[in-house]
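This briefing concerns the packing of side chains in a single model. Please keep the sequence and the structure in view while reading.

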Amino acid sequence: MKKLHQLLTTSSKVKLFFLSLLLIAIIGYLDHVTGYEISFSIFYLLPVALCWYCGRQLGLLLSFISAAVWLAVDYSAGQQYTQSWIPIWNALMRFAFFYFSVLALTKIKQDIIQEELLSRTDALTKLSNSRHFREQSTLLFNLANRQGQPLALAYIDLDNFKSINDNYGHETGDQVLKQVGKVLAAALRGSDIAGRLGGDEFAVLLTGTDSGGAKTFFTRLQLRLLDEMKKHGWTTVGFSIGVAIYPELLPEGTIPLQEADELMYRVKKMGKNQVLCQEFKTGHLFQRNSE
């Protein structure tokens, strides 16, 4: 069942639609051959239920087609009714049943997707939450090891954030965090990931990024963050960024977030609001003081 689910999930909507039409044709043929004494009614739900994978609009179209085929089979079987309008009424009721089945299934799927999204997203910044960031980082590190690609992992802490909450209130503090999240999200490529680890601490993981690329990226990122703070009048906020760069293979499952965290704390001791990059296993150290 798991393999079937994966197959259906990765199939295009066009393929799923034609698969559903084929199922309807097979069910309609068997229903016609066996006659009206043997009911095949429940089997018409199978193609309709594929709306889980092909979407609500195609599901509703399949509902109409299923009801129409069922009506055609009733006529072809020579079933007698006391009134001529009864088969039409039955077809409408069947379509209504399929229609509400599609609405219910697609609504359940939307709710599941939303719950999954909420479970891995930080509600305030819309970035990955701490748990999801660590899970995705593990996958990306393992993938980078297999492909022999470098990685850069940054730990970002907001300087003087407490003074924002104390002087302007927590609502303003939340706005600061939201703007930080927007800047981080806008700066990333599709293969990268950013997350809020908690409070005013963030992390960014860049895939396929060597020492030179990491230095350039995080130097520019800090400037963008500082510009965003100045734009809103939050000039006291700075950004201490520790960047651990890994050009070589690491043990499977390694998440060196602690190393980036230690680099960030070194920045704090050096006067805050700086970027400190270290390429591990090579000993190369890079530092930029903010102006």
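Is phenylalanine 18 buried or exposed? Phenylalanine 18 counts as exposed, because its relative accessibility is 52% and the cut-off for that class is over 50%. The model is predicted.

**Aromatic residues**

- Across the whole structure, a search finds nine aromatic pairs.
- Phenylalanine 17 and phenylalanine 18 form an edge-to-face pair, because their planes stand at 70° with the ring centres 5.8 Å apart, and an angle over 60 degrees places a pair in that class.
- One aromatic cluster is formed by Tyr44, Trp70, Phe97 and Phe98.
- Tryptophan 70 also has arginine 94 over its face, at 3.9 Å from the ring centre.

**Helix α5**

- Helix α5 covers residues 56-76, which makes 21 residues.
- From first C-alpha to last, α5 reaches 30 Å, close to the 30 Å expected at 1.5 Å a residue.
- The buried residues of α5 are Gly59, Leu62, Ser63, Ser66, Ala67, Trp70, Leu71, Val73 and Asp74.
- An α-helix has 3.6 residues a turn, so residues three or four places apart point the same way.
- The cover over the buried residues of α5 includes α2 (13-34), α3 (45-49), α4 (51-54) and α6 (86-120).

**Nonpolar cores**

- In soluble globular proteins, nonpolar side chains tend to be buried together.
- The largest nonpolar core holds 33 residues, and Leu158, Leu184, Val204, Phe218, Leu221, Phe239 and Val243 have the most contacts inside it.
- At least two residues of this core come from each of β1 (151-159), α8 (161-168), α9 (170-187), β3, α10, β4 (238-246) and β5 (274-279).
- Helix α10 provides the largest share of this core, with seven residues.
- Leucine 158 is in contact with Val176, Leu177, Val180, Asp200, Phe202, Val237, Gly238, Phe239 and Lys268, leaving aside neighbours within four places in sequence.
- A second, separate core has 20 residues, among them Ile193, Tyr246, Met264 and Phe280.

**Aspartate 192**

- Aspartate 192 is located in the loop between α9 and β2 (193-198) and is buried, with a relative accessible area of 9%.
- The side chain of aspartate 192 makes a polar contact of 2.8 Å with the side chain of arginine 189.
- A polar atom of the aspartate 192 side chain also lies 3.1 Å from the backbone nitrogen of threonine 207.
- Not counting residues up to four places away in sequence, aspartate 192 touches Leu205, Leu206 and Thr207.
- Aspartate 192 and leucine 151 are 41 residues apart in sequence, and their C-alpha atoms are 9.9 Å apart in space.

**Threonine 209**

- Threonine 209 occupies the loop between β3 (201-207) and α10 (211-231).
- Its relative accessibility is 7%, so threonine 209 counts as buried.
- A polar atom of the threonine 209 side chain lies 3.0 Å from the backbone oxygen of threonine 207.
- With residues up to four places away in sequence not counted, threonine 209 touches Pro150, Leu151, Ala152, Arg189, Ala214 and Ile245.

Notes. Residues are numbered from 1 along each chain as its sequence is written. This is a predicted model: local features need pLDDT of at least 70, side-chain atom pairs count only at pLDDT 80 or more; totals for chains, interfaces and linings use all residues. Side-chain values use heavy atoms; hydrogens and water are left out. Rings of Phe, Tyr and Trp (its six-membered ring) pair if their centres lie within 6.5 Å; planes under 30 degrees apart count as stacked, over 60 as edge-to-face and the rest as tilted. Buried means under 20% relative accessible area, exposed over 50%, partly exposed in between (1.4 Å probe, protein chains only). A charge sits over a ring if NZ of Lys or CZ of Arg is within 6 Å of the ring centre and within 35 degrees of the ring normal. Helices (H or I, at least four residues) and strands (E, at least two) are DSSP runs, numbered from the N terminus. A polar contact is a pair of N or O atoms within 3.5 Å; within protein, one must be able to donate a hydrogen and the other to accept it, and residues adjacent in sequence count only if both atoms are side-chain atoms. Contact means heavy atoms within 4.5 Å. A nonpolar core is a set of buried Ala, Val, Leu, Ile, Met, Phe, Trp, Tyr and Cys residues joined through side-chain atoms within 4.5 Å. The expected span of a helix is 1.5 Å times one less than its number of residues.
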